[in-house]
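Reader: I'd like to learn how to read a ligand site. Could you walk me through one?

Author: Happy to; let's look at it together.

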Amino acid sequence: MKPLKLIFISNTGNTRNFAENLVNYAQEQNQKNPDYPLLSIEEISEQTDFGNETEPYFVSVPTYLSGGDGTGDNVKEVMTTILGEYLDYHDNAKQCLGIIGSGNKNFNIQYCLTAKRYSKRFNVPFLADFELRGNDKDVQRIYEDMVERTKEVNQ
Ligand SMILES: Cc1cc2nc3c(=O)[nH]c(=O)nc-3n(C[C@H](O)[C@H](O)[C@H](O)COP(=O)(O)O)c2cc1C
């Protein structure tokens, strides 16, 4: 299988840390069995020059919301909007195979809400979620989800 690709955004380093752990895990799996794909990662920020995505990829987005009353209504996405703009750029969303959400369960109903909103807005599956930096089990589970999803679309 071709290497997988993950595009992410990270403000305080949690999502970056998770993405790097995923790269290492993919490498370990690939060394055991070359049928398991490697993973490349790409961080998006306000400084990124937009380009056209021509190959399938996944997205990992943490949740930053402001305002609202804790019900999830009327809250506004902050800090991550550039990733939404990137998905919205030309046909980029069409190549996206899945959105991985992260956040903090203390936010209750708003947990991973940005990923859920992106899923609806861009019509891309909400693939998985993890809290903060994720743990080893999250890395393993989400790598497997990405591999399965890639196989599914290649059938
Ligand atoms: C101002 C602020 C607002 C946040 N709002 C939410 C939220 O609405 N829902 C949620 O699940 N997590 C929320 N979080 C938690 C972050 O999504 C979480 O810390 C995430 O791991 C940050 O990822 P990053 O370090 O890659 O930027 C919020 C964090 C901050 C600092």
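Author: A polar contact is a pair of N or O atoms within 3.5 Å; within protein, one must be able to donate a hydrogen and the other to accept it, and residues adjacent in sequence count only if both atoms are side-chain atoms. Here, a backbone N or O atom of Gly13 lies 3.1 Å from a ligand oxygen atom. This is a predicted model, where local features need pLDDT of at least 70, side-chain atom pairs count only at pLDDT 80 or more, and totals for chains, interfaces and linings use all residues. Residues are numbered from 1 along each chain as its sequence is written, and side-chain values use heavy atoms, leaving out hydrogens and water.

Reader: How far is the polar side-chain atom of Thr12 from an oxygen atom of the ligand?

Author: That distance is 2.4 Å for Thr12. With Thr63, a polar backbone atom is 2.6 Å from a ligand oxygen. As for cover, accessible areas come from the Shrake-Rupley method with a 1.4 Å probe, and for residues only the protein chains shown count as cover. The ligand taken alone exposes 640 Å², and the protein buries 82% of that.

Reader: Which residues around the ligand come nearest?

Author: A residue is near a molecule if one of its heavy atoms lies within 4 Å of it. There are 17 residues around the ligand, and Ser10, Thr12, Thr15, Thr63 and Tyr64 come nearest.
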